[in-house]
Amino acid sequence: MKIKKLIVDSLQEAVEEVRALYGSEAIILSTRVVKRNIVPFLPFPKSSKLEITVGIPDREDFTTEFKKEETLYQEISNLKENLKEVMEIVKRQRVEKEEVSKEDLESEFSIRALYLMNKLINKGVAKEIAQKIVESSCGYDFELKRLDLKGENIEALIEGFSKGIRIVENFPEEGFVIVALLGPTGVGKTTTIAKLAYMLKRQGKRVGLITIDSYRVGAVEQLRTYANIMELPFRVADTPLKLRECVGELSFLDLVLVDTGGRNQYDEIRVKELSHFFTKLPTLRTYIALGANTEERVQYEVIKSFGSVADPSGLVFTKLDETNYFGTAINVAYRTQLPILCFTTGQRVPEDIVMANYEYLAKIFLEVV
Ligand SMILES: Nc1nc2c(ncn2[C@@H]2O[C@H](COP(=O)(O)OP(=O)(O)OP(=O)(O)O)[C@@H](O)[C@H]2O)c(=O)[nH]1
Ligand SMILES: [Mg+2]
């Protein structure tokens, strides 16, 4: 900084002169009153003047100041970012505390593992099942002194699901099989049969369709329409005997899909009628169709009721698109240990169907489908 001295009449004049001479960055460091000769070389008379000391900052001073300011802004912005991250962690922990409880947080699982558990719980998986699924993909981390995920979230869920949930692996099996869908009214049986038929036909399988639903008006026409569009053999069987005859006629195919009329699971008599249809069919596989949007307690009742018709080979979960809590499907599959055949995800035939697989399950819970 350079120092200059000026003699002026007043402070007002000082300010103006300093600005004019040295610019707005110059600063007045001090002022003092001094006596000056009015006529040069004569000691008298004298007048009072103001001597001011001006500081003029060097160019480098500005640059340094500017840099200091810039660094300060940078630091503030870094702090803001850090604060945001801390808030995120606190928020996450708060959610975890609410759903996993304080004891859990203090116990054996890492934050990452708890986070994944919450992903399941938030979508309706029961807490103890979510814990078992995540636990089976964890290992003990000696640094954290907690159970931690062995891989990334997606790998962990795939592994966890593959240990707790069964899926139908070999569909369709080799040789002639009869595949029937049973379940409550309107759950999506006929639509699912059409979707499966299309998928199997595309795989090169020879598929036939049979309906035993002569009860509901329009039911026969509904399946016949799909059969016509896909150019598949189609039969209507209104009695158990007729069903066996139709199966016999179509036994040259790889498989037949049998559509049944929806029945109220609490109507024992109507459910029992189905049993008569499905006796004496040696290669019969029955799958129970459950609406993923149906209350979990009711899903067990449906399985109990239709499971009495024939030993179920597995489950079909329909209408996954109509609920955010499809975790109940995981609970049902985990607790019954019945394998899942497929999920349906909308009304479109043939598109809206996904054959059960662990990667799909992991993705829908992580919302990356
Ligand atoms: N959103 C949604 N709707 C579906 C799905 N599957 C079927 N549906 C619809 O549900 C309704 C009933 O479907 P169906 O296939 O006739 O049901 P069903 O079980 O055969 O019915 P019943 O034979 O009367 O017992 C139709 O409007 C379908 O389009 C699905 O995955 N998601
Ligand atoms: Mg139907």
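**Exercise 1. A pair in helix 10**

Task: State where Glu273 and Arg270 lie and how many residues apart they are.

Solution.
Step 1. Glu273 and Arg270 are both part of helix 10, three residues apart, about one turn of the helix. Helices (H or I, at least four residues) and strands (E, at least two) are DSSP runs, numbered from the N terminus.
Step 2. An α-helix has 3.6 residues a turn, so residues three or four places apart point the same way.
Step 3. The two side chains, Glu273 and Arg270, meet in a salt bridge of 3.8 Å, N to O. The term salt bridge stands for a side-chain nitrogen of Lys or Arg within 4 Å of a carboxyl oxygen of Asp or Glu.
Step 4. Glu273 is partly exposed at 33% relative accessibility, while Arg270 is buried at 14%. Buried means under 20% relative accessible area, exposed over 50%, and partly exposed in between (1.4 Å probe, protein chains only).

The model is predicted: local features need pLDDT of at least 70, and side-chain atom pairs count only at pLDDT 80 or more, whereas totals for chains, interfaces and linings use all residues. Residues are numbered from 1 along each chain as its sequence is written, chains are lettered from A and ligands numbered from 1 in the order in which they are written, and side-chain values use heavy atoms, with hydrogens and water left out.

**Exercise 2. The two sides of helix 10**

Task: Find which residues of helix 10 (residues 268-277) are buried, and which exposed residues the face turned away from them carries.

Solution.
Step 1. Arg270, Val271, Leu274, Ser275 and Phe277 are the buried residues of helix 10.
Step 2. Looking down the axis of helix 10, these buried residues fall within an arc of 165°, so they line one face of the helix. The arc is taken from the directions from the helix axis to the C-beta atoms.
Step 3. On the face turned away from the buried side are the exposed residues Glu268, Ile269 and Lys272.
Step 4. The packing partners of the buried residues of helix 10 are strand 6 (177-182), helix 9 (240-249) and helix 11 (296-307).

**Exercise 3. A residue in helix 9**

Task: Decide whether Cys246 is buried or exposed, and list what Cys246 is in contact with beyond its neighbours within four places in sequence.

Solution.
Step 1. Cys246 is located in helix 9.
Step 2. With a relative accessible area of 1%, Cys246 is buried.
Step 3. Apart from neighbours within four places in sequence, Cys246 is in contact with Ile210, Arg235, Val236 and Ala237. Contact means heavy atoms within 4.5 Å.
Step 4. Val256 is 10 residues from Cys246 in sequence, and their C-alpha atoms are 9.7 Å apart in space.

**Exercise 4. Other salt bridges**

Task: Give the number of salt bridges in the whole structure, and say which parts the pair Glu367 and Lys123 ties together.

Solution.
Step 1. The search finds 17 salt bridges in the whole structure.
Step 2. One of them joins the side chains of Glu367 and Lys123 (2.6 Å, N to O). Glu367 lies in the segment after helix 13 (358-366) and Lys123 in the loop between helix 4 (111-121) and helix 5 (127-135), so the pair ties together parts that are 244 residues apart in sequence.
Step 3. Lys123 is buried, at a relative accessible area of 13%.
Step 4. Another salt bridge links Asp352 and Arg348, with 2.7 Å between the closest N and O atoms. Asp352 counts as buried at 7% relative accessibility.
Step 5. Glu128, Glu296 and Arg335 are joined into one network by salt bridges that share partners.

**Exercise 5. Backbone details in loops**

Task: Identify which peptide bonds to Pro172 and Pro350 are present, cis or trans, and what phi Lys145 and Lys319 have.

Solution.
Step 1. The bond from Phe171 to Pro172 is cis, with omega near -5°. Pro172 is in the loop between helix 6 (153-164) and strand 6.
Step 2. Val349 and Pro350 are joined by a cis peptide bond with omega about 10°. Pro350 is in the loop between strand 12 (340-344) and strand 13 (353-355).
Step 3. Lys145 is not a glycine, yet has a positive phi of about 60°. Lys145 lies in the loop between strand 4 (138-141) and strand 5 (146-149), and is exposed at 62% relative accessibility.
Step 4. Lys319 also has a positive phi, near 60°. Lys319 sits in the loop between strand 11 (312-318) and helix 12 (327-336), and is partly exposed at 27%.
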